[in-house]
Amino acid sequence: MEKKYMKRNKLPLLLFIYLIGICCSTACAQQHRENEKRLKNSLQIQRQAVLLNNQQQWIPIKALTGKQIASVNFDLSFQQGFDSLMNKYAQVTPVKFDRYRDSTHLNDLEDDLKFFNTLIIGIGETQAIQGKYLQFIQDLTSHKQVIVVYFGPGKHLSSFDSLNSPLLWVPQESEEAGFVAAQLLFGGMSLGGKLDKNYSAKYQAGQGFSTEKIRLSYTVPEAVGINSDELQQIDQIAAEAIQGKATPGLVVLVAKSGRVIYNKSFGTHTYNGTRADRTDDIFDLASVTKVTATTPSIMRLVEQQKLNLDENVGHYVARARQTPMNNVKVRDVMLHQAGFIPYIPFHNFVKEGDYSRDSSALFPTKVADGYYIKKDFFLDFMWPRMLNSPIKTPGSYVYSDISMYVMQEIAEQITGSPLDQYVLDEFYTPLGMQTAGFLPRNRFAKDRIIPTEDDQVFRKTLLEGYVHDQGAALKGGVAGHAGLFGNANDLAIFYQMMLNQGTYGGERYFSPETVQAFTKRHSDNSRRGLGFDRWDPDLSKKYPSEKASPQTYGHTGYTGIAVWVDPSRELIYVFLSNRVHPGVSEQLGRLNIRPRIQEVINKAIDQLKK
C-alpha cells in the first residue's frame, strides 16, 4: 500500500518541492541581508549596554531554583518579545500594566506581586521621570530582589541615582533591544559596556560591570558565520515530510557554538487540524527519555560514588536477587549488552478486570483518557515478568527497553525519590527547562501538547499528553525508557550543558570526566556509550547521518524524535515530530528526513572551515 501511495503522489510531491525551491531563491537572499542588518544592530546594542549597581553580582541571573520571577513593564511597546525571550531561560510571569495604569501610587500592583521574590522592571525614557514609577521601584527594593532595565538614550539616567539594585541601561527602545536585554540579564550574551561620560553624580564615565556568557543565546545563522541561505533546505525537507505524510508537523532546532541559530516549526498538530505547530510545543520524547532523564540520574549517582557500574543488579535491587538478573553487571545494562530480551508487550496481557474506564481505589493508575489500570499492576505483573525474563545473549548488543526499567529502579532505590521528581529537582528546574518532565497533562493545557497515536487497539483513544509507549503507560507514565515530554528549547539547554562538559548557567552539573565517560564508545560489541547512542563506525550505515563526526552522541525516539550532539562542530541538532499520528508509519525513515536535515546542517558548518 505504501509503495502504491508513493508512486501515485511522486509527481505532485516533486513539483511541490521544486516550487518551494523557486520561491526561496530570491527570498533567501533577502533573508540573509535582513539577518546581517539585524545581527549588526543587536551587536551594537550589546556593546552599548551598560550594567550598573551590580556589586552583589545578581546579573547574570543564576541559581534559578526557588526564584519566582515576574516581569513588570510601564507601557513598553516591545514588552511581549522581551518577556518571550526571558522565558527561554526561566519561568518569568508577565504582569500586564493596563489595569494599574490610572493608579496614583501603584499600591494594588505592589500587593499583587506578593508571590514573587524577583522582579524585572522594564522602563522607558518617558516613564523614567515620573515619580510614581520611581517610588514604586524604590518601595519594592526593601523586600524584593529588583532588577531595573532602562531602555532609551539615557537622558534620565540620573533618575535612578537613589537606586542600589542592578540597573541595566540599554540605549534603544526597540524590539531588538528587548531581545538583547533578555539575553544580557540571563547570560545569553556577555556585558562589557562602560559609561562614555558623566550622567549624574552617581553614574560617572568609565562605570560599568562586565559579565560572561553562561547560557545559550538566540540569534541568526550569520552570528556564527553561516549564510541563512545554506539552511533553507531544511525548510524544503520539512515541507517534503509533511507533504509525504511522514508526520503532520515538526520542529527543528540548531545550536552552534552556544547560539541557537535556527528554530522553526512546520505543519499542524494533526493532518485534519488547524492548530499550527509552534516552536514551544511539547512533544512525547519517547526513548530520548533514556538519555535525558535516566542516564543523567545514573551519571550523578556514579559521580557521587553512590553507584558502582561494575556491581551486580542484585546489589541494588533486592527483588532481583533470586532471579536471572541478580548477577548482571550494571555497566552491561547501560550498554545494552546484559542479554535482556528487547521488550515485553505487556499491553497484550491486559485482560478484562485489569482495567476500568473510571478511576477508583482499585484502579488508580491513569494510562490515558478513560483508561485506568488496576492497583499494583506494575509491581505484581510487569516487574516480576521482567526480572524473571531469560538472559539470552549476555555480552552481545541487543537494544532493550528492559534495561532502562532496571536503571530507573536502581536510581530510585539509591535516591529514595521517584525518577520524575528527581530529574525535575536536580536538573530541569535549575537549568531553566520550562516544559521538560513526565505527566505533562498535570502541568500544561492539552492544546500545548502534540497528540501522538489515535490508539484504537489498546487504549481506544487519541493520546494527548499520555506516553505513547504501552509499557510506560501501564507503569503510570513515568518509566526509565519512555515518558518524558518537552520542547526543543529544553533539549537544547540540557545538551548545551553536556556540550559544555557539565556546566550551564554558572552551575556545574557533572565533571568533564563524567560527561566524557558516558558519551564515549565503550565496547567492541556496539557503537553505544553508557546510555547514549553514538555515531556508527560502520560507514555503510551512515548513522546518524553521512557526515556526522565520530564524536557524535545522542538518541532517537520512536515517536519521531532525534537529539544529536557533535562536539567537533560545537553542534546540537534537535528534531521533534509526531510521526506516529494518526497511526504508526515508517514514512519518516523511508524519506530519510532526520539524517537529511542533519546533513544540511553539517555541510553549512563545514563550509566555515574552507
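1. Q46 sits in helix α1, which covers residues 2–48; helices here are DSSP runs of H or I with at least four residues, strands are runs of E with at least two, and both are numbered from the N terminus. With a relative accessible area of 16%, Q46 is buried, where buried means under 20% relative accessible area, exposed over 50%, and partly exposed in between, using a 1.4 Å probe and protein chains only. Not counting residues up to four places away in sequence, Q46 touches V180, L184, M189 and S190; contact means heavy atoms within 4.5 Å. The C-alpha atoms of Q46 and I593 are separated by 37 Å, and the two residues are 547 residues apart along the chain.

2. On the source of the model and its numbering: this is a predicted model, in which local features need pLDDT of at least 70 and side-chain atom pairs count only at pLDDT 80 or more, while totals for chains, interfaces and linings use all residues. Residues are numbered from 1 along each chain as its sequence is written, and side-chain values use heavy atoms, with hydrogens and water left out.

3. The overall fold comes next. The chain has 17 helices and 23 strands. Its radius of gyration is 26 Å, close to the 25 Å that the globule rule gives for 610 residues, so the chain is as compact as a globular protein of that length. The radius is taken over C-alpha atoms, and the rule is 2.2 Å times the number of residues to the power 0.38. Along its principal axes the C-alpha trace spans about 80 × 55 × 45 Å.

4. Of the 610 residues in the chain, 56% are buried. Among contacts with a separation of 6 or more, 66% are between residues 24 or more positions apart. The chain exposes about 25,500 Å², and carbon and sulfur atoms supply 48% of that area; accessible areas come from the Shrake-Rupley method with a 1.4 Å probe, and for residues only the protein chains shown count as cover.

5. The chain carries 69 positive and 63 negative charges, and their mean positions are 4 Å apart. Lys and Arg count as positive and Asp and Glu as negative, with His and the chain ends not counted. Each charge is placed at NZ of Lys, CZ of Arg, CG of Asp or CD of Glu.

6. The largest nonpolar core has 128 residues, and those with the most contacts inside it are L168, L185, F186, Y495 and M498. Such a core is a set of buried Ala, Val, Leu, Ile, Met, Phe, Trp, Tyr and Cys residues joined through side-chain atoms within 4.5 Å. Helix α14, residues 488–499, gives the largest share of this core, nine residues. Another core, of 31 residues, lies apart from it, with A70, F74, L106 and L113 among its members.

7. Leaving aside neighbours within four places in sequence, the contacts of F186 include P60, I61 and L64. P60 is in the loop between β1 (50–52) and β2 (69–73), and a cis peptide bond with omega of about 0° joins I59 to P60.

8. A63 is partly exposed at 41%.

9. A cis peptide bond also joins Y543 and P544, with omega of about 5°. P544 is in the loop between β20 (533–534) and β21 (553–557).

10. H468 lies in the loop between β16 (461–462) and α13 (470–474). At 5% relative accessibility, H468 counts as buried. Beyond neighbours within four places in sequence, H468 is in contact with residues including D284, E453, R459 and Y558.

11. E426 is in helix α12, residues 419–431, and is partly exposed, with a relative accessible area of 28%. E426 and R357 are 69 residues apart in sequence and 35 Å apart, C-alpha to C-alpha.
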